[in-house]
Amino acid sequence: MTVVLVHGWTQDLRTWDHVVTGLARRSGSMRLVRYDLRGHGDSEPAAPGTATIERLADDLAEIIAETAPSGPLVLAGHSMGGMTMMALADRHPDLVRTRVAGAAFVATSSGNMDRITLGLPGALGRGAARLERRLARLMLAYRRERLPVGGLPARLGARMLVFGKKPHADDVKCVAAQLRKAHPRSVGGFQNAISLHNRSTALAALRTVPTVVLVGDCDRLTPVEHAEAIVKELPDARLVLFPGAGHMITQERHPGVTDAILGLVEDASAVAATAGSAAGSRRRSHATPASR
C-alpha cells in the first residue's frame with residue numbers, strides 16, 4: 001500500500017510533516033510518497049505555460065509511475081493538491097480506476113474559486129478577491145526568484161489568512177517559510193489556474209472509491225460549502241468538519257487528518273487482502289482438476 005501526499009499552493013512537502021510522523025508511527029507497513037510541486041519548495045520553477053493544474057496532474061501520474069508502479073494507492077491532497085487529484089481523475093481515468101483505493105480531499109475545492117471572499121462580507125469580500133487577482137498578476141511579472149516578503153509580514157499574513165483559532169507559532173512560521181521559498185511567477189500562474197479550476201464532473205471517476213472530505217469551519221480559502229459541494233458529487237464520501245480550524249488543517253488538526261488517511265489505508269488493505277484470498281481460492285480450484 002502506497003500513500004501519496006500532494007501539498008497545496010505556495011506550500012511544499014513540509015505541509016505534511018505532522019501527518020507523516022503520525023502515519024509512520026502507527027502503520028509501518030505502508031509506503032509514503034510526498035514531493036514538491038513544480039514551482040514550489042526545492043522543485044524547479046514552472047516553465048512558461050506549465051503553471052496549470054492539468055500539468056500538475058500529469059506530474060502526479062509520473063511520480064506514481066516512478067515511485068509506486070504497482071499496487072493500491074491512497075491519495076491525499078491539500079488545497080491545490082486536492083484539485084490535482086481531481087484533474088488526475090479527469091486526465092488519467094484508467095490510473096484512478098485500476099490503482100486508487102482511497103482518496104482524502106483536505107481543505108480543497110472542486111470549483112468556483114474565482115468567487116471566494118476570504119471570509120469577508122459584501123464589498124469587502126469582493127474587494128479582497130480582486131486584490132488577490134491583482135497580486136497574482138504582479139507576481140507573474142516579478143523577476144526575482146523569491147517572494148518579496150519578510151519573515152514577520154509572511155507570518156502575520158499566514159496567521160490571518162490560513163489559520164483558525166489559536167494556531168501554534170511553529171506551524172505559522174513553517175507555513176510562512178514555505179511561502180517565502182515558492183517561486184513568485186509560478187505562484188502567480190497557479191493562482192490564475194486555481195481561479196479557473198472547475199472539476200465537479202471529474203469527481204464521478206471517484207464515486208466507487210472510499211473517500212473522506214476534510215475541512216475546518218474557519219477556512220477562508222476553501223470554506224465549508226466547497227467541501228459540501230465535493231460531497232454532493234460523492235454521496236458516499238465521509239465529511240469531517242474541524243471546529244475552529246482554518247485552511248491549514250494538516251497542521252492545526254493533524255491527528256484528525258492522520259486518522260482519516262489511516263482509516264482509508266486500513267479499509268483498502270482489508271479489501272486487497274480479501275481480493276487476494278479470493279484469487280488464491282480460485283487458483284486452487286482451477287488446479288484441482290489438473291492434478292487428478
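Mentor: Start with the largest nonpolar core, which has 56 residues. Val4, Ile64, Leu75, Met80, Leu88, Phe105 and Leu206 touch the most other members of that core. A second core is separate and holds 26 residues, among them Val3, Leu5, Ala107 and Ala245. Keep in mind that this is a predicted model. In soluble globular proteins, nonpolar side chains tend to be buried together.

Now take Leu206. Setting aside neighbours within four places in sequence, Leu206 contacts Ala89, Val96, Val100, Phe105, Thr211 and Leu234. Phe105 is also on the list of core residues that touch the most other members.

Thr211 deserves a stop of its own. Thr211 sits in strand β5, which covers residues 211-216. Is Thr211 buried or exposed? Thr211 counts as buried because its relative accessibility is 7%, and the cut-off for buried is under 20%. Its side chain reaches the backbone oxygen of Val209 at 2.7 Å. Beyond residues up to four places away in sequence, Thr211 touches Ala103, Phe105, Leu206, Leu234, Ala237, Arg238 and Leu264. Leu206 likewise has Phe105 and Leu234 among its contacts.

Step back to the whole chain for a moment. The protein has eleven helices and six strands. Of its 292 residues, 51% count as buried. Take the contacts between residues at least 6 apart in sequence: 80% of them join residues at least 24 apart. The accessible surface comes to about 13,800 Å², and 55% of that belongs to carbon and sulfur atoms.

Ser79 is not a glycine, yet its phi is positive, about 55°. Ser79 lies in the loop between β3 (73-78) and α3 (80-91). With a relative accessible area of 9%, Ser79 is buried. Asn112 also has a positive phi, near 65°, and is a residue other than glycine. Its place is the loop between β4 (100-106) and α5 (122-140). Asn112 counts as partly exposed, at 40% relative accessibility.

Now the charged side chains. How many salt bridges does a search of the whole structure find? It finds eleven. One of them joins Asp12 and Arg14, with the closest N and O atoms 2.8 Å apart. Asp12 is buried at 3% relative accessibility. Arg14, by contrast, is partly exposed, with a relative accessible area of 27%.

Another salt bridge joins Arg38 and Asp59, and their closest N and O atoms are 2.7 Å apart. Why does this pair tie together separate parts of the chain? Arg38 lies in the loop between β2 (31-34) and α2 (53-67), while Asp59 is in helix α2, so the pair links parts that are 21 residues apart in sequence. Asp59 counts as buried at 11% relative accessibility.

Asp59 has a further partner. It forms a salt bridge with Arg55, the closest N and O atoms being 3.0 Å apart. Asp59 and Arg55 are four residues apart in helix α2, so about one helical turn separates them. Arg55 is partly exposed, at 24% relative accessibility.

Gly41 is buried, with a relative accessible area of 6%. Which residues does Gly41 contact, leaving aside neighbours within four places in sequence? They are Gln11, Asp12, Asp36 and Lys181. Gly41 and Gln11 are 30 residues apart along the chain, and their C-alpha atoms are separated by 7.1 Å. Asp12, another contact of Gly41, is the residue that forms the salt bridge with Arg14.

Notes: Residues are numbered from 1 along each chain as its sequence is written. This is a predicted model: local features need pLDDT of at least 70, side-chain atom pairs count only at pLDDT 80 or more; totals for chains, interfaces and linings use all residues. Side-chain values use heavy atoms; hydrogens and water are left out. Helices (H or I, at least four residues) and strands (E, at least two) are DSSP runs, numbered from the N terminus. Buried means under 20% relative accessible area, exposed over 50%, partly exposed in between (1.4 Å probe, protein chains only). Contact means heavy atoms within 4.5 Å. Accessible areas come from the Shrake-Rupley method with a 1.4 Å probe; for residues, only the protein chains shown count as cover. A polar contact is a pair of N or O atoms within 3.5 Å; within protein, one must be able to donate a hydrogen and the other to accept it, and residues adjacent in sequence count only if both atoms are side-chain atoms. A nonpolar core is a set of buried Ala, Val, Leu, Ile, Met, Phe, Trp, Tyr and Cys residues joined through side-chain atoms within 4.5 Å. A salt bridge is a side-chain nitrogen of Lys or Arg within 4 Å of a carboxyl oxygen of Asp or Glu.
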